[in-house]
Amino acid sequence: EPVGGRRNLLTRTEDFANAAWQTFASASKVGVAPIAGPNGGQAYELNMGPTGGVIGAAGAVYQGVTLAAGQHVVGIYVRAKTGSSSIRVSGYSNSSAVGTDDVAISDSAWTFIPFSFTYVAGSPNVALRNNVAGNSGNIYVAMAQLELGSAPSAYQKVVSTHDVTEAGKE
């Protein structure tokens, strides 16, 4: 682990093919993206499935986590495969979902989406959701992170519990 310890509470943060990342409402995992992620890292292509104005109807890719109560922040890079689209990042806490507004993304640049929420109790997860009709469907994702606090810190790549890299260094 890095000297400062593990901060990123997600696992398989660049391996969206892993079973740690689950799908909902016909969203599907496509494979490693044909383009590099931010800073040359690995990106992954996802088909976000159907759109929906409510969280329960929208295609989603998510990871369940175990959290202590308190303020948490999610950070993830997203990019449309073609054209423009929008995406929503959400967290599930105390049997209710909280999330960002729909965030516009394009195929010309990576967009970093930070999202802060207070976790109380329940079955937590962190999700990317396809909430707006007319989305292009496929998106690229990279560098997912969830940590305690209200603002994202430097990205920590987590391959497994004991394989954590900070700022590109073991």
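A salt bridge, as counted here, is a side-chain nitrogen of Lys or Arg within 4 Å of a carboxyl oxygen of Asp or Glu. Keep that in mind as we walk through this predicted model, where the count comes to 3 salt bridges.

Start with lysine 81 and glutamate 45, whose closest N and O atoms sit 3.0 Å apart. This pair links distant parts of the chain, 36 residues apart: lysine 81 is in the loop between strand 5 and strand 6 (84–93), while glutamate 45 belongs to strand 3 (residues 44–47). Lysine 81 is partly exposed at 36% relative accessible area, whereas glutamate 45 is buried at 6%.

Now go to arginine 7, which forms a salt bridge with glutamate 147 at 3.5 Å between the closest N and O atoms. Arginine 7 lies in the segment before strand 1 (22–24) and glutamate 147 in strand 11 (residues 138–148), so this contact ties together parts 140 residues apart in sequence. Glutamate 147 is buried, with a relative accessible area of 4%; arginine 7, at 24%, counts as partly exposed.

The segment before strand 1 also holds glutamate 14, which pairs with lysine 157 of strand 12 (residues 156–160), 143 residues away. Glutamate 14 is buried at 12%, and lysine 157 is partly exposed at 33%.

Note on methods. Residues are numbered from 1 along each chain as its sequence is written. This is a predicted model: local features need pLDDT of at least 70, side-chain atom pairs count only at pLDDT 80 or more; totals for chains, interfaces and linings use all residues. Side-chain values use heavy atoms; hydrogens and water are left out. Helices (H or I, at least four residues) and strands (E, at least two) are DSSP runs, numbered from the N terminus. Buried means under 20% relative accessible area, exposed over 50%, partly exposed in between (1.4 Å probe, protein chains only).
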